[in-house]
Amino acid sequence: MTRKPNTLGEFIIGNQNDFKYSSGELSRLINSISLAAKVVNHEVNKAGLVDILGSIGDTNIQGEDQQKLDVYANEVFMQTLINREIVCGIASEEEDEFVKIEGRNKSHDNKYILLMDPLDGSSNIDVNVSVGTIFSIYRRVTPIGTPVEKEDFLQPGTQQVAAGYVIYGTSTMLVYSTGNGVNGFTLNPAIGVFYLSHPYMKYPNNGGIYSINEGYYSHFPQGVKDYLKFCQEETEDRPYKGRYIGSLVSDFHRNMIKGGIYIYPTSSKAPEGKLRLLYECNPMAYIAEQAGGKATDGYNRILEIKPTHLHQRVPFFCGSAKMVEDAEHFMAKYPEDAFYKEVPKTF
Ligand code: AHM
Ligand code: MG
């Protein structure tokens, strides 16, 4: 009988040798992420039942600290990865600076670094809307054994060795890629096991959904306004449906399955865009490309942008290849820096 991987654990073991520098370290890292995801999932699902939406500094009746869920998720992921001595450094949207991690022998022997947004879209938790964790993994560029440096984290997205997200939604899913396509695993909460439910996920080449916060329409660059007009035109396959949850992982996940485009452009309100290159755009762009989609800043491939600082923001156009190309076509009518002549970049 042929073997068919069914659970995440089986899938990781089955595919370990496909990875060119395989030493089992990356597999253990993905396993650690799935463990942290289960812990966060458990807590997110209690929102509304117990008071876990309190601000940092609050104490409950037992005198324990009550933390916001995004801070809680950050701690769970950090601690799980630190305790397992599986990475040599972590940068998180929730931390001002990157964290250097040394092993019990006081050395920095691991070769991977991880960047993450521990709970993206956390403002949606109060209203029971899906949120997500986004992660990105690189091989360090500084010598193993030494503390990590900023340059380990400021690598272009093309250098990612793995990226993924967890969506805490109707069901909880872990979707990730190590460069051989994208696979999705659904959590069976009764036994705490992720099962392969969405093998080889692919973006439809074209789609019928556009996702953007149109409330900011008057602040958008002209190229975006023109593309939105195109989306709304009456033709054989348009107008597209407008669908915007305001939770990147959820909007991305739906668009990858159904075919669509997600846009968070620059605006006169947010001249750099809102989303972070290292924690949000690079990992989502990596998954998008692995699934046959595209991701750009309207002009340039996201994965080729050379980061200049940890919390850098960029505009983000991501989705079905044909739709992103259409959007780029409208953007190209206006030179990339025309918008910034009116609204100077602040970084
Ligand atoms: P966050 O990292 O502070 O949660 O912000 C990121 C979120 C994305 O999930 C979402 O797509 C976007 O911000 C929504 O922003 P807006 O409310 O401006 O439309
Ligand atoms: Mg975020």
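**Briefing: fold, magnesium site and helix α6**

The protein contains nine helices and 15 strands. The model is predicted. Of its 347 residues, 53% count as buried.

**Overall fold**
- Taking contacts in the protein between residues at least 6 apart in sequence, 66% join residues at least 24 apart.
- The protein has an accessible surface of about 15900 Å². Carbon and sulfur atoms account for 48% of that surface.

**Magnesium site**
- D117 (OD), D120 (OD) and E280 (OE) coordinate the magnesium ion (ligand 2), at 1.9 to 2.0 Å.
- Along the chain, the donors of this ion follow the spacing D-x2-D-x159-E.
- D120 and E280 link distant parts of the chain, being 160 residues apart. D120 lies in strand β5 (residues 112-120), and E280 lies in helix α7 (residues 277-290).
- Both D120 and E280 are buried.

**Helix α6**
- Helix α6 spans residues 248-258. Nine of its 11 residues are buried, so the helix is largely enclosed by the rest of the structure.
- The buried residues of α6 include the run L248, V249, S250, D251 and F252. H253, R254, N255 and M256 are also buried.
- G259 follows α6 and has a positive phi, near 95°.

Terms used:
Residues numbered from 1 in each chain as written. Chains lettered and ligands numbered in written order. Predicted model: local features only at pLDDT ≥ 70, side-chain atom pairs only at ≥ 80, totals over all residues. Heavy atoms only, no water. Helix = DSSP H or I, 4+ residues; strand = E, 2+ residues; numbered from the N terminus. Buried < 20%, exposed > 50% of the residue type's maximum accessible area, 1.4 Å probe, protein only. Contact = heavy atoms within 4.5 Å. Areas by Shrake-Rupley, 256 points an atom, 1.4 Å probe, with all protein chains shown as cover. Donors = N, O, S within 2.8 Å, 3.2 Å for Na, K, Ca; no water.
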